[in-house]
Amino acid sequence: MSRTLLIIKPDATQRSLIGHVVSRLEKAGFKPVEMRMLRLAKEQARQFYAVHEGKPFLDDLVEFMSSGLVVPMVLEKENAVDDLRTLIGATNPANAACGTIRQEIAVDLQRNSVHASDSDENAAKEIAFFFED
Ligand code: CMP
């Protein structure tokens, strides 16, 4: 078993899609083992996305991620990181494969409904960010 982090973003919580996303994750074999609901301060959002420091989209991303409730969760599954990225689809929903979560519910490149860790190393860091204990 391995672990990864998924965040349901403000565009999805605002459209009452939390249950839908969790259901899709569970149907695909992911087991939620930790979950929270919170609103990020701008500084927290900037810290979470520190890897994107200097990118032209960072300010808008920080604004968006702190604009409403987010639901970070730890998911357990064999090959969790890669399987979750396959299930959510490409960052830009216009390029997301049929049947992926982003293809189904994302609005655009920024309001792409969910975030998932991109490596085991980053999963460990991102899990610690939200679930220090
Ligand atoms: P996420 O997987 O959370 O990682 C960084 C986020 O930045 C990404 O999803 C998008 O929501 C957002 N973003 C906005 N513009 C871009 C871009 N040009 N390239 C990558 N990510 C972008």
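1. In this predicted model, the side chains of Phe48 and Phe130 are both buried. For Phe130, the relative accessible area is 5%, and this residue counts as buried because the value is under 20%.

2. Phe48 and Phe130 also form an aromatic pair of the tilted kind, with 5.5 Å from centre to centre and 50° between the planes. The pair joins distant parts of the chain: Phe48 belongs to helix 3 (residues 42-48), Phe130 belongs to helix 7 (residues 120-130), and 82 residues separate them.

3. Phe130 has a further aromatic partner in Phe129; this pair is edge-to-face, at 4.8 Å centre to centre and with 75° between the planes.

4. Together with Tyr49, the residues Phe48, Phe129 and Phe130 make up one aromatic cluster. The structure contains four aromatic pairs.

5. Another ring is placed beside a charge: the charged end of Lys77 sits over the ring of Phe30, at 5.5 Å from the ring centre.

6. The surroundings of the ligand deserve attention. Tyr49, a member of the aromatic cluster, is one of the residues around the ligand, which also include Lys9, His52, Phe57 and His115.

7. A polar side-chain atom of Arg102 is 3.2 Å from a ligand oxygen, and a side-chain N or O atom of Asn112 is 3.1 Å from a ligand oxygen. Leu109 contributes a backbone N or O atom, 3.1 Å from an oxygen atom of the ligand. The ligand taken alone exposes 450 Å², of which the protein buries 78%.

Terms used. Residues numbered from 1 in each chain as written. Predicted model: local features only at pLDDT ≥ 70, side-chain atom pairs only at ≥ 80, totals over all residues. Heavy atoms only, no water. Phe/Tyr/Trp six-rings, centres within 6.5 Å; stacked < 30°, edge-to-face > 60°. Helix = DSSP H or I, 4+ residues; strand = E, 2+ residues; numbered from the N terminus. Buried < 20%, exposed > 50% of the residue type's maximum accessible area, 1.4 Å probe, protein only. Lys NZ or Arg CZ within 6 Å of the ring centre and 35° of its normal. Near = heavy atom within 4 Å. Polar contact = N/O pair within 3.5 Å; in protein donor to acceptor, adjacent residues only side chain to side chain. Areas by Shrake-Rupley, 256 points an atom, 1.4 Å probe, with all protein chains shown as cover.
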